[in-house]
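Reader: I am new to this structure. Please take one part and walk me through it closely.

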Amino acid sequence: MSKSYQPIGVFDSGYGGLTIFKELLRELPQYDYIYLGDNARNPYGTRSFEVVYEYTRQAVFQLFEQGCRLVVLACNTASAKALRNIQQIDLPVTFPARRVLGVIRPSVEMIPDMTKTGHVGVLGTNGTVISESYPMEIAKISPNNPIFVTQVACPMWVPIVENNLIESPGAAFFVKQNLDELFGKDPLIDTVILGCTHYPLLTKVIRQYLPNGVQLMTQGAIVAERLKDYLIRHPEMELDCSKSGRREFFTTESPDNFDQLANLFLGSEVKSKHIKLG
C-alpha cells in the first residue's frame with residue numbers, strides 16, 4: 001500500500017454504518033475512505049463483549065493494513081463493547097500512532113444542550129442496551145446535573161430495515177410498540193437517541209409515533225461534525241489522511257448482496273470487494 005494513500009477507515013458490523021459514512025462524505029468529501037462491513041458475522045448486537053471485541057479488533061487491524069491511520073467505528077455495538085479495549089490495550093502497544101474513534105461519545109456530548117427536562121430515551125440493539133454505555137457516558141459528561149436515561153431494546157428494527165420493510169405495517173407495529181414502551185417507562189423524556197446506525201432509515205415512521213415536542217437525535221451529522229473538529233484539533237493526523245476523493249468498500253459477505261442493500265443506505269451505487277477477517 002502506497003504511503004501516499006492513507007484513507008479514513010469506517011467500520012460497521014453490517015450496513016448501518018453507511019448512514020454515518022453518508023454524512024462523512026457530505027461533510028468531508030475531500031478525504032479518501034475505506035468502508036468495511038462484517039456482514040458475514042452480523043449481527044453483533046446479541047454477541048458477547050469478548051466476541052465483539054475480537055471481531056472489531058480484526059476489522060480495525062485489517063483497515064490499518066489497508067493504510068488507514070484513523071478508523072471510525074460506525075457501529076454502536078462495537079463502540080460500546082470494543083472501543084475502550086482497542087484504545088487502551090491494542091493501540092499503545094501495536095499501533096501507537098493510529099487512532100480509533102467511536103460514535104457514542106460524540107452523540108452523548110450533545111445531550112446536555114438538547115434536553116430541557118433532563119430525561120432522555122435510548123433506542124438500541126440488545127447489545128448496546130445491555131452494555132449500559134449510554135447511561136455511563138451521559139453520567140460522565142453531566143455529573144453535577146444528573147440526566148435520567150431510559151433504554152429500550154428494539155430487536156426487530158434492524159431486520160425490518162435490512163429486508164427493506166420500512167414502509168410495511170410490521171414496521172409501524174414494532175416502532176409504535178417500542179416507543180410506547182419507552183414513554184410508558186418515563187413520560188418526561190424530551191430527547192430520544194437512535195442508538196443504532198440502522199435506525200435513521202426508520203425516521204419517518206418513528207416521527208409518526210413520537211410525542212409532540214420530543215427531539216430525535218440521529219448520529220450521522222453529529223459524528224461527521226465531530227470528526228471534522230477532531231481533524232482540526234489534530235493537524236498531524238489531518239495531514240496524514242490522503243485527499244483524492246477515493247472510496248472503497250469491502251464486505252466479508254457476498255459483494256453482490258452487499259451492493260444491493262448498500263445502495264438503499266447510501267443512496268448511490270456501491271461496488272464492493274470481498275475480504276476475509278480472522
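Author: Phe61 and Phe64 both sit in helix H2, 3 residues apart, about one turn of the helix. Helices here are DSSP runs of H or I with at least four residues, numbered from the N terminus. The model is predicted, so local features need pLDDT of at least 70 and side-chain atom pairs count only at pLDDT 80 or more, while totals for chains, interfaces and linings use all residues. Residues are numbered from 1 along each chain as its sequence is written, and side-chain values use heavy atoms, with hydrogens and water left out.

Start with the two rings. A pair of aromatic rings is described by the distance of the centres and the angle of the planes. The structure holds 14 aromatic pairs. In one of them, the ring centres of Phe61 and Phe64 lie 6.3 Å apart with planes at 25°, so this pair is stacked. Rings of Phe, Tyr and Trp (its six-membered ring) pair if their centres lie within 6.5 Å; planes under 30 degrees apart count as stacked, over 60 as edge-to-face and the rest as tilted.

Now the burial. Phe61 has a relative accessible area of 17%, so Phe61 is buried. Phe64 is at 4% and also counts as buried. Buried means under 20% relative accessible area, exposed over 50%, and partly exposed in between, with a 1.4 Å probe and protein chains only.

Next, the partner helix. H2 covers residues 49-65 and packs on H4, residues 83-94. Their axes are 11 Å apart, at an angle of about 40°. Axes are lines fitted to C-alpha atoms, for helices over the stretch in contact, and angles run from 0 to 180 degrees between N-to-C directions. H2 and H4 are therefore oblique to each other. Angles under 35 degrees count as roughly parallel, over 145 as roughly antiparallel, 65 to 115 as roughly perpendicular and the rest as oblique. The crossing of H2 and H4 is right-handed.

From H2 come Tyr53, Thr56, Arg57, Val60, Phe61 and Phe64. They meet Asn85, Ile86, Ile89, Asp90, Leu91 and Thr94 of H4. Contact means heavy atoms within 4.5 Å. The residues where H2 meets H4 divide into 7 nonpolar, 3 polar and 2 charged. Ala, Val, Leu, Ile, Met, Phe, Trp, Tyr, Cys and Pro count as nonpolar, Asp, Glu, Lys and Arg as charged, and the others, Gly among them, as polar.

Note on methods:
Helices (H or I, at least four residues) and strands (E, at least two) are DSSP runs, numbered from the N terminus. A crossing is left-handed if the near helix is turned anticlockwise from the far one by less than a right angle, and right-handed if clockwise.
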